[in-house]
Amino acid sequence: MLEHILNLGAFIFCIGIFGLITSRNMVRALMCLELVLNAVNINLVTFSNFMDNSQIKGEIFSIFIISIAAAEATIGSAIVLAIYRNRKSTRIDQFDLLKW
């Protein structure tokens, strides 16, 4: 059972990394980053249950990661919205606000 769950986590992680590398849209990149963080959460909880079932260290770390991911999604969405209001586009390759 451990191998199946770790394979699921690795598969979700690979999908997230592939999406981050190939994404041209900022919203899609944020969603792929969330996939990566969720894959890490799956692996943390799996290893926590496999190593010691009575302690909940992996679950506590997962709660911290979920709260950080929520803050990242909020701040990222605000940045994407501000860029969209200025440039009328959310494409990463057209993002040149810092150029002179």
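Biologist: Hi! Leaving aside its neighbours within four places in sequence, what is Asn41 in contact with?

Modeller: Asn41 is in contact with Ser62, Ile65 and Ile66, once neighbours within four places in sequence are set aside. Contact means heavy atoms within 4.5 Å. This is a predicted model, in which local features need pLDDT of at least 70 and side-chain atom pairs count only at pLDDT 80 or more, while totals for chains, interfaces and linings use all residues. Residues are numbered from 1 along each chain as its sequence is written, and side-chain values use heavy atoms, with hydrogens and water left out.

Biologist: Thanks! Where does Asn41 lie, and is Asn41 buried or exposed?

Modeller: Asn41 lies in helix H2. Helices are DSSP runs of H or I with at least four residues, numbered from the N terminus. Asn41 is buried, with a relative accessible area of 8%. Buried means under 20% relative accessible area, exposed over 50%, and partly exposed in between, using a 1.4 Å probe and protein chains only.

Biologist: And Ser48, what does that touch?

Modeller: Not counting residues up to four places away in sequence, Ser48 touches Asn53, Gln55, Ile56, Lys57, Gly58 and Glu59. Ser48 is in helix H2 too, and it is buried at a relative accessible area of 10%.

Biologist: You mentioned Glu59. How exposed is Glu59?

Modeller: Glu59, which is found in helix H3, is partly exposed, with a relative accessible area of 23%. Glu59 touches Val45, Ser48 and Asn49, again not counting residues up to four places away. Glu59 and Leu44 are 15 residues apart in sequence, with their C-alpha atoms 7.2 Å apart in space.

Biologist: What about Lys57, buried or exposed?

Modeller: Lys57 is exposed, with a relative accessible area of 51%, and its place is in helix H3.

Biologist: Let's zoom out. At what angle do the axes of H2 and H3 cross?

Modeller: The axes of H2 and H3 (residues 57-87) cross at roughly 175° and come within 9 Å. Axes are lines fitted to C-alpha atoms, for helices over the stretch in contact, with angles from 0 to 180 degrees between N-to-C directions. H2 and H3 are therefore roughly antiparallel, a term for angles over 145 degrees. The residues of their contact divide into 15 nonpolar, seven polar and four charged. Ala, Val, Leu, Ile, Met, Phe, Trp, Tyr, Cys and Pro count as nonpolar, Asp, Glu, Lys and Arg as charged, and the others, Gly among them, as polar.

Biologist: Which residues of H3 are buried?

Modeller: In H3, Gly58, Ser62, Ile65, Ala69, Gly76, Val80 and Ile83 are buried. The buried residues of H3 pack against H2. Just after H3, Lys88 takes a positive phi of about 60°.

Biologist: Now H1. Which residues are buried there?

Modeller: Leu2, Gly9, Ile12, Gly16 and Gly19 are buried in H1. They cover an arc of only 135° around the axis, which puts them on the same side of H1. The arc is that of the directions from the helix axis to the C-beta atoms. The buried residues of H1 pack against helix H2 (26-51).

Biologist: And which residues are exposed on the other side of H1?

Modeller: Glu3, His4, Asn7, Phe11, Cys14, Phe18 and Ile21 are exposed there.

Technical notes:
Helix = DSSP H or I, 4+ residues; strand = E, 2+ residues; numbered from the N terminus. Parallel < 35°, antiparallel > 145°, perpendicular 65-115°, else oblique.
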